[in-house]
Amino acid sequence: GSFLVGEWKRPNESISRGQQFLLESLSRMPKVLVAIIEGDTDDGMVVNRVQIMHPVKGMVEWGETVDSLKDLIRQWYDRAERNR
């Protein structure tokens, strides 16, 4: 019943208006977390920035490394398991 939506963008790649609308709508749903990850997976995984799309606060900075993304996933999973 919980969902983690991750949208990968390359550095300086923007989110289209339609995609922005969709992701904001998803972020307002209960038990849905939307993360915007700047980086790529061309040659391994590179993470430059991780943000959470919060329904009230807007974009919230989470971190700037692969480890910060892994931490986000772990925390989301732990919360999803507790709220089953």
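Let us begin with Gln 51. Apart from neighbours within four places in sequence, Gln 51 is in contact (heavy atoms within 4.5 Å) with Val 34, Ala 35, Ile 36, Met 59, Val 60, Glu 61 and Trp 62. Before I continue: this is a predicted model, in which local features need pLDDT of at least 70 and side-chain atom pairs count only at pLDDT 80 or more, while totals for chains, interfaces and linings use all residues. Residues are numbered from 1 along each chain as its sequence is written, and side-chain values use heavy atoms, with hydrogens and water left out.

Gln 51 belongs to strand 3, residues 46–54; strands are DSSP runs of E of at least two residues, and helices are runs of H or I of at least four, numbered from the N terminus. Is Gln 51 buried or exposed? Its relative accessible area is 12%, so Gln 51 is buried, the term meaning under 20% with a 1.4 Å probe and protein chains only. Its side chain also makes a polar contact with the side chain of Glu 61, at 2.8 Å. Such a contact is a pair of N or O atoms within 3.5 Å; within protein, one must be able to donate a hydrogen and the other to accept it, and residues adjacent in sequence count only if both atoms are side-chain atoms.

The largest nonpolar core has 10 residues, among them Leu 33, Val 50 and Trp 76; a core is a set of buried Ala, Val, Leu, Ile, Met, Phe, Trp, Tyr and Cys residues joined through side-chain atoms within 4.5 Å. Helix 2 supplies the largest share of this core, four residues.

Terms used:
Buried < 20%, exposed > 50% of the residue type's maximum accessible area, 1.4 Å probe, protein only.
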